[in-house]
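Welcome, and please get your viewer ready. We will go from one selection to the next and say what is there at each stop.

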Amino acid sequence: MNLLDRARAAIPQSPILRKYLLSIVLIACFGVLANGAHEWWSFNNVHRQNLEAARKEAVRVAAERVADYIDNIQSQAQWTFLPLVRGDEQLGGQDWLRQSRLAALRLFRESPAVRKVYRLNANAREQLFVSQTGKDEYGSGADWRAKWPFSDSGGFAIGNGPRSHLQPRNQHSGSNPFLLVALAGSSPELGITVLEVDLRLLWDIVRTTKVGRSGRTHVISNDGAVIASNEMAKVLNGEKLKSDYVRNALDHRTATKIATVPGVQTNDDKEQVLAAYAHIPKHDWLVLVEVLASEAYAPFYAAMWNTAALVLGTLALVAFVGTQMARRLVGPISALTAGADRIGNGDYGHRISLDTRDELQTLAAHFNVMAARIGHAQAESDRIVAERTRELATLVTELRALNEVSKAVNSSLERHGVLNTILEKAVELSGTEAGAIYEFDEASQRFSFVETQGMDQQLTELMSQELIGTSPKYVAEAAQSRKPRVVGDLELERGRGPVAELLREAGFRALLIVPIIHGERVLGAIAVRRRQPGGFPQQVIDLLETLAGQSALALQNASLYEELRQRKGRLEQAITLLEALLPRDIVSIVLEHGIDGLKPQRREVTLVFFDLRNYTAMSRALEPEEIAEALRDYHAALVPLIFGYGGTIERFTGDGVLVIFNAPRPVEAPAEQAVRLALEARSAAQRLSAGWRGRGYELELGIAIDQDHATCGLIGSEGRFDYAAIGNVTNRGSRLCAEAKGGQILTTMRVVSAVRELAEAHSLGKRDLKGFSHPVEVFEVLALKPGAARTAVANGLGSGGAKDSPLPIASA
Amino acid sequence: VALTPKTMAAAAVLAIVLIANLLTAVLSRPPLPHIGVILPHSPAVDPDYKEAFVKALGELGYEHGKSIKITWSEGPHGFPGRAEKLEEMGVQLMVVASTPAREAACEATIKAGRPIPIVIMTIAVIDKCADGKYRVTGSTLEAVELVGEQLELLQAVGKFDVVGVLINPDTPRVGPRYLAGLMVASSAYPFPISFPEYHARSDEDIKAVFAKIKAQDGTAERPKALMVSPDGLYREKAERIIKHALELKLPTMFSTANQAKKGGLLAYGQSYPEAYRRAAFFVDGLLKGREPKDLPFEGPSQITLAVNQKTAQTIGVPIPLEIAVRANEIFPP
């Protein structure tokens, strides 16, 4: 996991919406629920009390009104007890009754509920009957004592204050239920007045004293019979209330004047009610007030519903608003997060778009600025990288080209190939279509094509013709100023000479010409041509200058090479000559080590002496040409053999040849080489001798081999040096050679002991040699031993075909 | 809160939801209870009755067009057609204020096979509508039963041994019973009283009746007073009757205070405004789902005596003390 991944893994999944919402909802819930709890509390502590108070008040008012109503009727009825006098005159029976009737008629008007008025005497005999609905009667004498519960039941106690009596409805007549109210006069002779009161008139009183819309108010007698009710049907049907609470209230009616019935009760209509009652002692009636529990509690339920609705509404509102607010908060944050993520992933062009007009928007703006900066920096860096890459690529291309050019320059001294490569690269790298390399001839002061590129044959020829006559102006300018010459548009450069015209006609518009300069010399020029007008970047100019430098180098190399080649040729000629004239090894050593390589030094050398017998005699007898021819044959046979065995020809002395082994160049087993040479040479000489004998010369080769220390080196003085071995051995060998007969190989003990394994030799005994004080034992080498035959050692120093193969002497 | 398209869209959605809820509430609201009221008189006559009814309904929480729909059918004629029309309109109950109207309503509901409740303000139901299968309740106007008292009051004004009785031959439930009641009541008097009948069902009839009475001038048959039967038609034609009666200086006894107010000498009977007021309570009970049988018929709760002193002066009769002390309404000159 890299750093970026780790950083990404550390980004938490934001639950701000949930947290935010939850906290808001909790706070709001708390508030609303607290309110609900308070309402519940206030209901229990206030609403119930209010309800009770309202019931009590209603029942009190109803009781008072009912009592007042009856009292009012009774007081009105007092008019029927008018005194039996008019002025001073006591009224007699009929007059008094008429008076009484008028009072009753007036009572009808004052108290519409009074339907009938009975005037009875003290014995309950009817004296007068006045009715709203029927014919009035005087003195019918009807006895009502049996019909109405006078005295003995305690209801109608004559002379004992007003009494009322509920009379059930007379169903068959369809008449209204009524109440009988009896009043006794202050004296027995005033008799009794009985009023029939329509109970429905009480309806208006109870109707207006109910509690609430569905409240009921009943007035019942002490046995539960309904006297008045806002439900008229109960009165009309003569119902009796029997429900538990009513009975209970009746039982306790005398104890309390006004009381509320605790709890919810069920009334006769099976309704759940809250009730209160009041007792009217005068009539022993009970006034009941009932409120439907559902209605009584309705405000509470409504409040509870309101609270619930409020809770839900608040929750919904809070959820909505909270979500919106959280969205407003989280949305921008998400946008910021997403934006930051995108920017983090490199999308620097991304802009976070927020319109919250708060700090978040500011933050987004800062983000955007940051992204813009990063993007800008990134773009800049990309641009720089691209530029650098491009530059590098160009450079690489150029370097590669230059490398190729360099390679070409270095690998070949052949000018055409190199210049062609250079021109090719110049055209390619400068982005042009054509180009040419001119060479400047100092002698004629003219430029001529060396290489062309992108020019057809015709143009080349035409230009070449023009170039013969004059130098192209731009090239000449460039050469003269020794600086690159840029021509932006040939169209604007009319009249600059025929070459320019040709180029323009060929469709070229822009030119870049760089002189090829070496030191102070102008060698030529390199030019590129483009069909597109315009300038050339400095880079191209620089490149072309570099290529011009390379061209200069190529041109210079080519001329140097040419010079060198010529010198080498001359040298080779000289060496060949030298080698022919001097011992080959001498020449090679001098070439290798100079003259010092031939400084005299002492070393053991083996010398081989060749000398033709009878040469002196024959040279007198023969023509020099013949002698020269013989010598040529002789040398031609001998010289390759000498070189083949690695010997160095010290000198030719007419017929004599002195060969040195182990000097100036060391030779391995010089004695053996010398012996082999000698044997080979003897064979060759014998073949020559046969030829010569045919022509009449008796020439045979005598050979001597000796080995000893000698000083070897150049001897002589300024002007003439020779390589020579100076020492006793030279003399001794020479003397031995003189001793040798034709075909004989003489040698000394020293040599024989060195080649004991190789060759067979026998001693010829000691001989006195001229110039030596002591006789020297002389040996003759006869032939190679059979085992050693033809194991020639190619010393490697010989440059010719010095092999054991038969020499091509015969053919010569 | 910024007015972004998002919030505007949310507000729009909210508004649409609210309007939709409102519409659904309006559309799904149960239709208003629809009652039909058949009044036996023209709108111009006795407008206070209608007002009393509407006022009482209002006190009970019914307002036309808001919580109740009331279709009025007013006029003295064509009850069967009118009742059928209300029935066809699909009223939930009918209120009828005259005996022929009640009979027409009963017939209409029988015909429709749909016995809707009927609230009456008529004389007691003694016809087939009294059958339990019809759903009738209301106040009985004991105008006929009060005939004895009417006669007594009239006799207090003067000794009238010939009392003309105006009867509508089209309402057999009213006229004959009224007349029969008078016959019974008259027996209590120490002198014989005759009750010549006069039938009238139209203006022409009324004119003819008074022409006939005028023609009887000077004869023993000429009525000394006129008792007008408590017929809806005569409430409608009260002014015409009174005009003719005043021309003949004929004391009259009507049954409603309004008739006395218009010039009738006396009027005694059930208080009509009170009856209309009570009718509202029956309507309330029935609309609340009570069955008519649970709402017993009621008799008159208030009986009114009205005297027109101006008429008394015009025709030259005294107002006796027993009427004066008792009169609920006295219309002074």
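Accessible areas here come from the Shrake-Rupley method with a 1.4 Å probe, and for residues only the protein chains shown count as cover. By that method, chain A exposes about 41,100 Å², and carbon and sulfur atoms supply 54% of this area.

Before you select anything, a word on what is on screen. This is a predicted model, in which local features need pLDDT of at least 70 and side-chain atom pairs count only at pLDDT 80 or more, while totals for chains, interfaces and linings use all residues; side-chain values use heavy atoms, with hydrogens and water left out. Residues are numbered from 1 along each chain as its sequence is written, and chains are lettered from A and ligands numbered from 1 in the order in which they are written. The predictor gives the complex an ipTM of 0.77 and a pTM of 0.52.

**Stop 1: chain A**

Select chain A. You will find 20 helices and 26 strands; helices (H or I, at least four residues) and strands (E, at least two) are DSSP runs, numbered from the N terminus. Of the 812 residues in chain A, 44% are buried. Buried means under 20% relative accessible area, exposed means over 50%, and partly exposed lies in between (1.4 Å probe, protein chains only). A contact means heavy atoms within 4.5 Å. Among contacts in chain A between residues at least 6 apart in sequence, 60% join residues at least 24 apart.

**Stop 2: two loops in chain A**

Most residues other than glycine have a negative phi. Now select A:Arg482, in the loop between helix 12 (473–481) and strand 16 (485–487) of chain A. Its phi is positive, near 60°, and A:Arg482 is partly exposed at 37% relative accessibility.

Go on to A:Ala669, in the loop between strand 21 (656–661) and helix 18 (670–695) of chain A. Here phi is near 50°, again a positive value in a residue other than glycine. A:Ala669 counts as partly exposed because its relative accessible area is 35%.

**Stop 3: strand 6 of chain B**

Select strand 6 (residues 163–167): 5 of its 5 residues are buried, so the strand is largely enclosed by the rest of the structure. B:Val163, B:Val165 and B:Ile167 point one way, while B:Gly164 and B:Leu166 point the other way.

Which strands does strand 6 pair with? Two strands pair if DSSP finds at least two bridges between them. Strand 6 runs parallel to strand 8 (residues 225–228), joined by 4 bridges, and parallel to strand 7 (residues 197–199), joined by 3 bridges. B:Leu166 stands opposite B:Val228 in strand 8 and opposite B:Tyr198 in strand 7.

**Stop 4: the helices of chain B**

Select B:Leu179, in helix 6 (residues 175–186) of chain B. B:Leu179 is buried, with a relative accessible area of 8%. B:Leu179 touches B:Val165, B:Ile167, B:Phe195 and B:Glu197, not counting residues up to four places away in sequence. B:Ser229 is 50 residues from B:Leu179 in sequence and 8.4 Å away in space, C-alpha to C-alpha.

Finish at B:Gln155, in helix 5 (residues 147–157) of chain B. B:Gln155 is buried at 12% relative accessible area. Leaving out residues up to four places away in sequence, B:Gln155 touches B:Phe160, B:Val163, B:Tyr189, B:Phe191 and B:Ile193.
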